[in-house]
Amino acid sequence: FANIIVVDTGSSDKTAFIAAKHGANVFYHSWEDDFSAARNQAIAYVNSSWVLSLDADEELDFESFADNQIHLSNNRIGGLSVIIKNYLDQNLTNYTTHRATRIFRKHRSIKYHGKIHEQISDSIIDSGLEIIETDIQILHYGYINSSEEKKLRNKNLLQEEANTNSSDDYITFHLANTEFSMMNLEKARDLFKSVAYSRNLSEDQLEIARLRLAQIGLKFEDKKLISEFGFHPFNNMDREGLRLSILAAYQLGQGNFELAKELYSNPIIMNSAMVDKTIIEKAIVLLRNI
């Protein structure tokens, strides 16, 4: 990439100074409660053929990018879907993943849309170009110390978007995720249930919605919720491991000890990056003594 663009929308630390010191072109714009506006401002300053869009708490995995760089020479391709690896703890052992289009052509009609959880994919397709899935990884550290202030800001922006378009399942999904992260579980449950079978969400998003509903079902001891959303396998093995651990905990709580043992012994659980292994080990020890 030919140049590094940083758009500062109001940082109060040395972010801009450090970025400039390392060769970035820093521009200042006021925060407009609109993430797409900020990203589109950054794109306007780019003078290269392709754009890599990163947040301040993200890092490109260069090895995975190098392995996929050949796609940039294909004139039919307008965007690369990458894997966002969201770390959840300081040890970088637990994480979730999802896909997003973060590498795309610099093109006058390719722009972000949406005030929050902004998307660029539709504009790439509308430009007559293709988006392909790659195994490029972007490492995201923002969830490790996510502040309540940030969650509340996101919730307010999402609620504003939802009020404007209440039928937008994508916004509802992200609002449900934010409510879940703030432990507003009853609100999260109702929102997730409204999009759990949506045809407008990706397979990844549907799996996450159903997984969250299973987690809420376990928390509320809601057998109906677990029965509806906890017994269907997931394609993503990390989410599948967490789903199995939820079922194991549910069976343990129901006194079905043999079934719980069988579930806890499934290697998918121990291989899942979303599962706290210490909790699983304690449950296994408990079951051995029963």
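Leu-286 comes out as partly exposed, because its relative accessibility is 45% and the label covers values between buried, under 20% relative accessible area, and exposed, over 50% (1.4 Å probe, protein chains only). This is a predicted model, so to speak of local features a pLDDT of at least 70 is needed, side-chain atom pairs count only at pLDDT 80 or more, and totals for chains, interfaces and linings use all residues. Residues are numbered from 1 along each chain as its sequence is written, and side-chain values use heavy atoms, with hydrogens and water left out.

Leu-286 sits in helix 13, residues 277-288; helices (H or I, at least four residues) and strands (E, at least two) are DSSP runs, numbered from the N terminus. Together with Phe-257 and Ile-290, Leu-286 makes up a nonpolar surface patch with about 270 Å² of accessible area in total. Patches take residues with over 30% relative accessible area and no salt bridge, joining like charges within 9 Å and nonpolar side chains (Val, Leu, Ile, Met, Phe, Trp, Tyr) within 5 Å. The areas come from the Shrake-Rupley method with a 1.4 Å probe, and for residues only the protein chains shown count as cover.

Turning to the sheet, 5 strands line up in the order 3-6-5-7-4, as an open sheet with mixed pairing. Strand 3 (50-52) and strand 4 (58-60) are at the edges with a single partner strand each, so one side of each has no neighbour in the sheet. On average, neighbouring strands are turned by 35 degrees against each other, direction ignored; the axes behind this are lines fitted to C-alpha atoms, for helices over the stretch in contact, with angles from 0 to 180 degrees between N-to-C directions. Two strands are taken to pair if DSSP finds at least two bridges between them.

Strand 5 (residues 77-87) and strand 6 (residues 95-105) run antiparallel and share 9 bridges, with Ile-84 partnered by His-98 in strand 6. Strand 4 pairs with strand 7 in the antiparallel sense through 3 bridges, and Leu-60 is found opposite Ile-138 in strand 7.

As for charged contacts, the whole structure holds 14 salt bridges, each being a side-chain nitrogen of Lys or Arg within 4 Å of a carboxyl oxygen of Asp or Glu. One of them joins Glu-130 to Arg-76, at 3.8 Å from N to O. Glu-130 belongs to strand 7 (residues 130-140) and Arg-76 to the loop between helix 3 (62-68) and strand 5, so this pair ties together parts 54 residues apart in sequence. Glu-130 is partly exposed because its relative accessibility is 38%, while Arg-76 is exposed, with a relative accessible area of 54%.

A salt bridge within a helix links Glu-148 and Lys-151, at 3.4 Å from N to O; both are in helix 5 (residues 148-164), 3 residues apart, or about one turn of the helix. Lys-151 is buried, at 14% relative accessibility. Arg-189 and Asp-190 also form a salt bridge, their closest N and O atoms 3.2 Å apart. Arg-189 is partly exposed at 21% relative accessibility, and Asp-190 is partly exposed with a relative accessible area of 45%. Finally, Arg-39, Asp-55 and Glu-118 are connected in a network of salt bridges.
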